[in-house]
Structures are given as structure tokens and as C-alpha cells.
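Hi,

Here is the structure I said I would pass on. Have a look at it first, and then read my notes below.

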Amino acid sequence: MKQTIQYNARYLQAIALLMCMLLTQVSTAASPEAQPALSGYDVVSYFTEKKAERGSAEHAVTHAGSTYWFTSAEHKALFSKHPQRYLPQYDGYCAYGIRYGQMVEADPQAWIIVDDKLYLHTDHSFLEKWQADTAAAIKEGDEQWQVLRN
């Protein structure tokens, strides 16, 4: 009898764990707020506040299949009016990686604005390497991006 109770308790724990895992996967996949573009960083803040700031689902906009979060209704409105002005280059991939033909996820806190365009990088060390010759990095990155995005 004692073994049966222990077996049933383990069985119920395993089922509960499995259900939690399944529910987490379903809710993450079904909810656009769970996976905002740029990890939820407000693309307008880079330009207006000169810093990386996390937005919130309260001020969300979907553009070209991606959901962007903003820190305020004002930032949301600015983006909605001119999204191309604020979107990062290379769809938010690391600009250093793009230069060398690699689509690598970027860290929204490793960024720079050059000629009114936002460039993101994997981390600050890659940003520094990219800045060593910004003009060449942009030229080569733009050329590589034409190949990579097709």
C-alpha cells in the first residue's frame, strides 16, 4: 500500500511537470508579447533618449510580422508614423556579423547610430571592432545584406 501511494505521488508529479512544460510552450508560442522584436527594447528610444530602454506590451505595434514594444504612447505613435526611420539595419542582426556574411543575434544594448541609422551588435567588443572602420563596415555590410536577405 505504501509503495502504491509513493508510485502514485511520483506519477502525479511527473504529469504535473509535463503539463507545466506544455502550457509554457503553448503560451509562449501563441502570445506575440512573449517574443517581441529586439527583446522588447524600444527602437525609438535609441534616437530620442540616446539610450536602450525596454518597452512594454502595453505600447505594442506589429510591423512587417514583428511586434515592437515602446516605453510610451508617444514613442509608439512616432514609430507608427515612420517605422523605417527607427528600424535597425539588417533586421536587427549584428552589424559586425553581417559584414562577414553571418546572421548573428544582436544584443540590443550594444548599439550605435551612424548617419541616422541604428546598428546593433552581438556585444560591445564587436561594436568596437566594427567602429575601427565604420565606413567600410557599412559598405561591406550593405553588400553582404543584399545576398543574405534573399
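Let me start with the pocket. The largest one is lined by 28 residues, and those nearest its centre are Ala 37, Leu 38, Asp 91, Gly 92 and Tyr 93. Its volume comes to about 680 Å³. Sorted by class, the lining holds 14 nonpolar residues, nine polar and five charged. Three elements each give at least two residues to this lining: strand E2 (66–70), strand E4 (117–121) and helix H7 (134–148). Please keep in mind that this is a predicted model.

Now for the chain as a whole. You'll find seven helices and four strands, and from the N terminus on they go α-α-β-β-α-α-α-β-β-α-α. The chain has 150 residues, and 33% of them count as buried. It exposes about 9500 Å², with carbon and sulfur atoms supplying 54% of that area. As for contacts with a separation of 6 or more, 51% are between residues 24 or more positions apart.

Next, the strand pairing. E4, which I mentioned with the pocket lining, runs antiparallel to strand E3 (residues 107–114), and five bridges join the two. Across that pair, Asp 107 stands opposite His 121 of E4. The hairpin has two residues between its strands, and Asp 115 in this hairpin has a positive phi near 50°.

That brings me to backbone angles. Most residues other than glycine have a negative phi, so a few places are worth a look. Leu 38, one of the residues nearest the centre of the largest pocket, has a positive phi near 55°. You can find Leu 38 in the loop between helix H1 (2–30) and helix H2 (43–48). Lys 50 also has a positive phi, near 60°, and sits in the loop between H2 and E1.

Which of these two is buried and which is exposed? Leu 38 has a relative accessible area of 15%, under the 20% cut-off, so it counts as buried. Lys 50 comes out at 60%, over the 50% cut-off, so it counts as exposed.

Pro 83 is 19 residues from Ala 64 along the chain, and their C-alpha atoms are separated by 9.9 Å.

Cheers

Terms used. Residues numbered from 1 in each chain as written. Predicted model: local features only at pLDDT ≥ 70, side-chain atom pairs only at ≥ 80, totals over all residues. Heavy atoms only, no water. 1 Å grid on protein atoms, 1.4 Å probe; cavity = no way out; pocket = protein on both sides within 12 Å on 5 of 7 lines; lining within 4 Å. Points joined across faces, edges and corners; volume = space filled by probe spheres on them. Nonpolar A, V, L, I, M, F, W, Y, C, P; charged D, E, K, R; others polar. Buried < 20%, exposed > 50% of the residue type's maximum accessible area, 1.4 Å probe, protein only. Contact = heavy atoms within 4.5 Å. Areas by Shrake-Rupley, 256 points an atom, 1.4 Å probe, with all protein chains shown as cover. Pairing = 2+ DSSP bridges.
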